[in-house]
Amino acid sequence: MILLPAKDEEFSSEGRSPTLSCNYSVKAQNLQWYRQDPGSAPQFLLLITDTTKPSVVEANPPHPRLIADLNAERNRVDLQIISAAVTDSAVYYCALQPTVTGNTKTLYKNTS
């Protein structure tokens, strides 16, 4: 396993603050959240760095009702939607950028 949602679906009522979660099992540079509305391409929401002091980089324009967090064990990333509205209904994706470890030598170099 590398990255999996904690739940396949999340249901909420308007005004509540649901939390979406993804579990991961590799060292990551950052974890990202995307939202996809029907018939549209996924849209970047934000990313959070997997560092000693995680920082959040938001989309432009930002989505002010979204909060990202990493758990203490650094194996789960959460996205909380503050005061959910009907317009928040969508497919949400989490993604990660892994940290490169092991062999860092160039495997192929195009010299032409």
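Is Thr99 buried, partly exposed or exposed? In this predicted model, Thr99 counts as partly exposed because its relative accessibility is 27%, which lies between the 20% limit for buried residues and the 50% limit for exposed ones. Thr99 belongs to the segment that follows strand 8. Apart from neighbours within four places in sequence, the residues in contact with Thr99 are Lys27, Ala28 and Gln29. Between Thr99 and Asp50 the C-alpha to C-alpha distance is 9.7 Å, although 49 residues separate the two in sequence.

The secondary structure of the chain consists of eight strands and zero helices, so that the order of elements from the N terminus reads β-β-β-β-β-β-β-β. Among the 112 residues of the chain, 28% count as buried. Of the contacts in the chain with a separation of 6 or more, 48% are between residues 24 or more positions apart.

Gln32 is located in strand 3, which spans residues 28–36. This residue, Gln32, is classed as buried because its relative accessibility is 13%, under the 20% cut-off. A polar contact of 2.7 Å joins the side chain of Gln32 to the side chain of Asn30. When residues up to four places away in sequence are not counted, Gln32 touches Phe44, Leu46 and Leu47, as well as Tyr93, Cys94, Ala95, Leu96 and Gln97. Strand 8 covers residues 91–98, and Tyr93 and Gln97 are among the residues that Gln32 touches.

The largest pocket holds about 600 Å³ of space. Its lining comprises 26 residues, of which Glu9, Glu10, Leu20, Ala90 and Tyr92 are the closest to the pocket centre. Strand 2 (19–24) and strand 8 each contribute at least two residues to the lining of the largest pocket. Strand 2 supplies the largest share of that lining, with four residues. Sorted by class, the lining of the largest pocket contains 15 nonpolar, six charged and five polar residues.

The peptide bond from Asn60 to Pro61 is cis, and its omega is near 5°. Pro61 lies in the loop that connects strand 5 (56–58) with strand 6 (66–70).

Arg74 is a residue other than glycine with a positive phi, near 60°. The position of Arg74 is in the loop between strand 6 and strand 7, the latter covering residues 76–81. Arg74 counts as partly exposed because its relative accessibility is 27%. A positive phi, of about 50°, is also found at Ser83, which is not a glycine. Ser83 is placed in the loop between strand 7 and strand 8. With a relative accessible area of 38%, Ser83 is therefore partly exposed.

Technical notes
Residues are numbered from 1 along each chain as its sequence is written. This is a predicted model: local features need pLDDT of at least 70, side-chain atom pairs count only at pLDDT 80 or more; totals for chains, interfaces and linings use all residues. Side-chain values use heavy atoms; hydrogens and water are left out. Buried means under 20% relative accessible area, exposed over 50%, partly exposed in between (1.4 Å probe, protein chains only). A polar contact is a pair of N or O atoms within 3.5 Å; within protein, one must be able to donate a hydrogen and the other to accept it, and residues adjacent in sequence count only if both atoms are side-chain atoms. Contact means heavy atoms within 4.5 Å. On a 1 Å grid over the protein atoms alone, a cavity is a set of points where a 1.4 Å probe fits but cannot get out, and a pocket is an open set with protein on both sides within 12 Å along at least five of seven lines; lining residues have an atom within 4 Å of a point. Grid points are joined across faces, edges and corners, and a volume is the space filled by probe spheres set on the points. Ala, Val, Leu, Ile, Met, Phe, Trp, Tyr, Cys and Pro count as nonpolar, Asp, Glu, Lys and Arg as charged, and the others, Gly among them, as polar.
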